[in-house]
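Keep the sequence and the model in view while reading.

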Amino acid sequence: LVPRLVVGLPTKGLTAVCAGGGHSLALSLVGLHSWGLGSHGQLGHGSTETHLQPKLVLELLSKKILSVSAGAWHTMALTSEGLFTWGGGEAGQLGHGDTLNHLQPMRVSGLPDGSGILTVCAGWVHSLASTREGVYEWGFGEQQGGSRGSTQPRLVPMLGAPAPMVAPAAPQSAFSSFLASVTASASAASNSTSPAASALLAALAFPSSGPSSAPPPATTEDPSTIADLRRRVAALEAEARKAQEEAAKLRMMNRRLLE
């Protein structure tokens with residue numbers, strides 16, 4: 001329950017660290033080290049074994065690694081030659097045109113070389129690569145959606161559509177801006193059975209559905225009103241975070257049961 005020094009890593013020259021769903025990465029001047037859960041080949045050692053201590057990814061020893069990123073069950077390494085991915089590929093998040101697990105690093109085709117890629121990021125089961133052309137995206141689409149609005153998995157990188165231009169909104173006072181954000185959150189939570197959400201809706205006199213004779217929210221910039229609203233919003237956000245954490249645990253348990 002307390003931090004401890006990781007045995008098996010160089011004491012100097014560590015340039016980056018990254019944690020995935022059940023595995024960890026450390027980039028040093030020697031190369032890329034990985035350890036932890038290996039069930040989907042996410043460690044890159046050519047097997048699905050779990051390693052309790054760091055081990056060098058041998059396939060990348062000859063590459064100049066610029067950055068790394070870890071998803072739930074897959075790993076990304078940006079090198080001077082291009083992007084390499086490996087591990088779980090059930091949703092196409094590796095970008096190799098299939099839904100297979102790859103136990104060793106494999107270069108992703110259809111992307112610029114390393115100098116043309118600015119950053120990479122591994123999500124839960126999808127991946128992103130930012131380039132000078134724009135952002136490429138691939139993998140699971142049900143939650144990600146993507147800039148194209150599709151929910152279908154993408155097995156190879158696709159350049160996202162540019163974001164639409166939005167006209168700037170009219171300036172608002174600090175209180176008006178805060179109150180607008182609060183009421184928007186309350187509206188989004190109108191179907192929630194959360195006690196904190198219901199209390200917030202009642203405090204704001206914000207109708208959860210249908211017509212209501214309740215008076216509109218107060219607009220006077222009363223410091224006590226602002227402080228009370230902030231406390232209620234903080235309580236609602238804390239409950240939402242707790243629910244998200246529980247959902248993540250359930251997804252992980254479900255995933256392990258299916259393996």
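Helices (H or I, at least four residues) and strands (E, at least two) are DSSP runs, numbered from the N terminus. Two strands pair if DSSP finds at least two bridges between them.

This is a predicted model, in which local features need pLDDT of at least 70 and side-chain atom pairs count only at pLDDT 80 or more, while totals for chains, interfaces and linings use all residues. Residues are numbered from 1 along each chain as its sequence is written, and side-chain values use heavy atoms, with hydrogens and water left out.

## Overview

The protein has three helices and twelve strands. Of its 259 residues, 36% count as buried; buried means under 20% relative accessible area, exposed over 50%, and partly exposed in between (1.4 Å probe, protein chains only). A contact means heavy atoms within 4.5 Å. Among the contacts with a separation of 6 or more, 44% are between residues 24 or more positions apart.

## The sheet β5 to β8

Four strands form an open sheet in the order β5-β6-β7-β8, and the pairing is antiparallel. β5 and β8 (102-107) are the edge strands, and each pairs on one side only. From one strand to the next the twist averages 15°; axes are lines fitted to C-alpha atoms, for helices over the stretch in contact, and angles run from 0 to 180 degrees between N-to-C directions.

β5 and β6 form a hairpin, with three residues between the two strands. Strand β5 (residues 65-70) pairs with strand β6 (residues 74-79) in the antiparallel sense over five bridges. Within this pairing, Ser67 has Leu78 in β6 as its bridge partner. On to the next pair: β6 and β7 are joined in the antiparallel sense over six bridges, and here Leu78 stands opposite Leu83 in β7.

## The sheet β9 to β12

A further open sheet of four strands has the order β9-β10-β11-β12, again with antiparallel pairing. β9 (117-122) and β12 (154-159) are at the edges with a single partner strand each, so one side of each is left without a neighbour in the sheet. The twist in this sheet averages 15° from one strand to the next. Strand β11 (residues 135-139) pairs with β12 in the antiparallel sense over three bridges, and Leu159 in β12 is the bridge partner of Tyr136.

## The nonpolar cores

In soluble globular proteins, nonpolar side chains tend to be buried together. A nonpolar core is a set of buried Ala, Val, Leu, Ile, Met, Phe, Trp, Tyr and Cys residues joined through side-chain atoms within 4.5 Å.

The largest nonpolar core has twelve residues in all, including Leu27, Leu32, Leu60, Ile65, Ala77 and Trp86. Two or more of its residues come from each of β2 (23-28), β5 and β7 (82-87). β5 gives the largest share, three residues. Leaving aside neighbours within four places in sequence, Ile65 is in contact with Leu27, Leu32, Leu60, Ala77, Leu78 and Thr79. A second, separate core of eleven residues includes Leu78, Leu83, Ala122 and Trp138.

## A buried serine

Ser34 lies in strand β3 (residues 32-36). It counts as buried because its relative accessibility is 0%. A polar atom of the Ser34 side chain lies 2.7 Å from the backbone oxygen of Leu43. Beyond its neighbours within four places in sequence, Ser34 is in contact with several residues, among them Ser24, His45, Gln53 and Val57.

## The salt bridges

A salt bridge is a side-chain nitrogen of Lys or Arg within 4 Å of a carboxyl oxygen of Asp or Glu. A search of the whole structure finds two salt bridges.

| Salt bridge | N to O distance |
|---|---|
| Lys63 and Glu81 | 3.0 Å |
| Glu137 and Arg154 | 2.6 Å |

Lys63 is in the loop between β4 (51-56) and β5, and Glu81 is in the loop between β6 and β7, 18 residues apart. Lys63 counts as partly exposed because its relative accessibility is 23%. Glu81 also counts as partly exposed, at 34% relative accessibility.

Glu137 is in strand β11 and Arg154 in strand β12, 17 residues apart. Both Glu137 and Arg154 are buried.

Definitions and conventions: Polar contact = N/O pair within 3.5 Å; in protein donor to acceptor, adjacent residues only side chain to side chain.
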